[in-house]
2 protein chains.
Amino acid sequence: MSRQNFRVIKPEIRVLGIDDGKFIPRTRGNAIVVGVVFRGGISIEGVMHTHVAIDGLDATEKQAAMINTSPHRRQLRLVMLNGITFAGFNVVDIEKLSAAVELPVLALTRDKPDLGRIHEALKNLPNAEERWKMALEAGEIHEVQNNGVKVYLELAGISLCNAEKIIKLTSTRSCVPEPLRVAHLIASGISSEHL
Amino acid sequence: MSRQNFRVIKPEIRVLGIDDGKFIPRTRGNAIVVGVVFRGGISIEGVMHTHVAIDGLDATEKQAAMINTSPHRRQLRLVMLNGITFAGFNVVDIEKLSAAVELPVLALTRDKPDLGRIHEALKNLPNAEERWKMALEAGEIHEVQNNGVKVYLELAGISLCNAEKIIKLTSTRSCVPEPLRVAHLIASGISSEHL
């Protein structure tokens with residue numbers, strides 16, 4: 001996808017935050033993935049969900065389908081992911097996701113992604129090369145300050161400058177943007193009994 | 001439970017909002033019930049869940065267990081329910097719930113509870129008398145104005161005056177308090193695929 005031009009970033013911009021729920025690592029089965037539609041950093045407008053395979057290869061496709069079939073799709077201007085790995089090492093190809101939903105995608109983590117560790121872990125899984133290629137395609141890892149705390153971004157279809165603006169706008173309660181903070185609370189709160 | 005004295009209602013009062021997810025009426029099985037911890041009408045602090053039987057008799061007990069086992073329990077000052085029936089006609093005994101969790105309980109609906117219709121519907125279910133007794137024990141139905149819209153309250157362990165204050169404080173986005181508005185969005189957003 002070509003880089004989206006945000007001429008103006010409105011305070012009420014609709015952002016989808018996505019995170020996964022709890023699951024038992026290295027088992028077969030699915031983990032729930034929750035998407036939360038936020039209006040700026042202020043209020044929740046909707047919730048959606050899908051399931052992805054633990055250590056599977058379907059995270060990109062499942063998230064694209066969840067977004068494209070949502071009644072909120074047309075209001076959305078950006079997708080934020082809690083990192084690029086879901087349900088273990090089910091890697092999201094953020095360029096491919098961005099193209100599939102025709103929206104910019106931003107993956108944010110509190111810890112710096114350790115590509116060496118990811119590469120080692122992937123070696124134990126089927127399709128290691130394909131996963132590693134997706135992890136590399138997420139491109140440059142940007143370190144930025146958000147409310148005085150370092151966070152790390154990987155971007156598709158959005159400039160670093162605009163990504164930083166949207167992160168600041170939506171981080172109204174902590175150093176994590178509200179769409180991601182709340183997606184985490186919901187996904188973990190509704191999946192805890194499965195452990 | 002004796003009526004709780006709120007000497008001061010703090011703007012950051014922790015309120016739990018509870019609503020049920022979607023389910024297929026008059027089938028066997030469970031519906032998900034979601035609880036959302038809100039700080040005043042402002043921000044989400046946690047999410048919890050349980051399951052209750054469709055048209056069953058376990059809503060009071062399951063909600064009490066969900067609340068009492070939650071790490072958020074000690075911060076909570078009030079429980080808000082979206083009406084007194086969950087998953088069809090699984091009636092919550094709000095006096096019993098209030099006693100079990102040692103918190104005031106407030107059930108709010110946009111439509112005036114139609115006791116005649118509830119009584120008729122209950123006749124088709126097992127334990128009709130027990131359910132009807134619980135519905136009656138919810139006590140007086142109070143009609144109040146909230147942001148210019150009529151809503152209906154049933155109360156346990158809280159005065160109407162304090163209930164109105166907390167409803168106004170937490171209704172920051174609509175005529176429905178945020179804990180209930182968001183519990184509804186989450187519960188329906190994560191249960192839609194089951195239909």
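Is A:Glu45 buried, partly exposed or exposed, and what is its relative accessibility? In this predicted model, the relative accessibility of A:Glu45 is 27%. The cut-offs are under 20% for buried and over 50% for exposed, so A:Glu45 counts as partly exposed.

A:Glu45 has a charged partner. Its side chain meets that of A:Arg14 in a salt bridge, with N and O 3.0 Å apart. A:Arg14 belongs to strand β1 (residues 14-20) of chain A, whereas A:Glu45 belongs to strand β3 of chain A. The pair therefore ties together parts that are 31 residues apart in sequence. In general, side chains of opposite charge can pair when their charged atoms come close.

In chain B, B:Glu45 forms a salt bridge with B:Arg39. The closest N and O atoms of this pair are 4.0 Å apart. Both residues are partly exposed. The relative accessible area is 26% for B:Glu45 and 29% for B:Arg39. Salt bridges with shared partners join B:Arg14, B:Arg39 and B:Glu45 into one network.

A further salt bridge lies within a helix of chain A. The side chains of A:Glu137 and A:Lys133 meet at 3.5 Å, N to O. Both residues lie in helix α4 (residues 128-137) of chain A. They are four residues apart, about one turn of the helix. Their accessibilities fall in separate classes. A:Glu137, at 35% relative accessibility, counts as partly exposed. A:Lys133 is exposed, with a relative accessible area of 53%. Over all chains, a search of the whole structure finds 13 salt bridges.

The interface between the chains was examined next. The count of salt bridges between chain A and chain B is zero. Four residue pairs, both members at pLDDT 80 or more, are in polar contact between the two chains. The side of chain A that touches chain B has eight nonpolar, seven polar and five charged residues. Two elements of chain A give two or more residues to this side: β3 (43-53) and α6 (178-189). Of the elements, β3(A) gives the most, with eight residues.

In total, 20 residues of chain A are in contact with 20 residues of chain B. The two chains bury about 1,600 Å² between them. Carbon and sulfur atoms account for 61% of that area. Three residues, A:Ile44, A:His49 and A:Ile190, supply 31% of the area that chain A buries against chain B.

The same surface serves both copies, as 100% of the contact residues of chain A recur in chain B.

One buried position in chain B was also examined. B:Ala59 is placed in helix α1 (residues 59-68) of chain B. At 0% relative accessibility, B:Ala59 counts as buried. Leaving aside residues up to four places away in sequence, B:Ala59 touches B:Val52, B:Asn90, B:Val91 and B:Val92. The C-alpha atoms of B:Ala59 and B:Val33 are separated by 9.1 Å. Along the chain, B:Ala59 and B:Val33 are 26 residues apart.

Note on methods:
Residues are numbered from 1 along each chain as its sequence is written. Chains are lettered from A and ligands numbered from 1 in the order in which they are written. This is a predicted model: local features need pLDDT of at least 70, side-chain atom pairs count only at pLDDT 80 or more; totals for chains, interfaces and linings use all residues. Side-chain values use heavy atoms; hydrogens and water are left out. Contact means heavy atoms within 4.5 Å. Buried area is the accessible area (1.4 Å probe) that two parts lose on being put together, summed over both. A polar contact is a pair of N or O atoms within 3.5 Å; within protein, one must be able to donate a hydrogen and the other to accept it, and residues adjacent in sequence count only if both atoms are side-chain atoms. Ala, Val, Leu, Ile, Met, Phe, Trp, Tyr, Cys and Pro count as nonpolar, Asp, Glu, Lys and Arg as charged, and the others, Gly among them, as polar. Buried means under 20% relative accessible area, exposed over 50%, partly exposed in between (1.4 Å probe, protein chains only).
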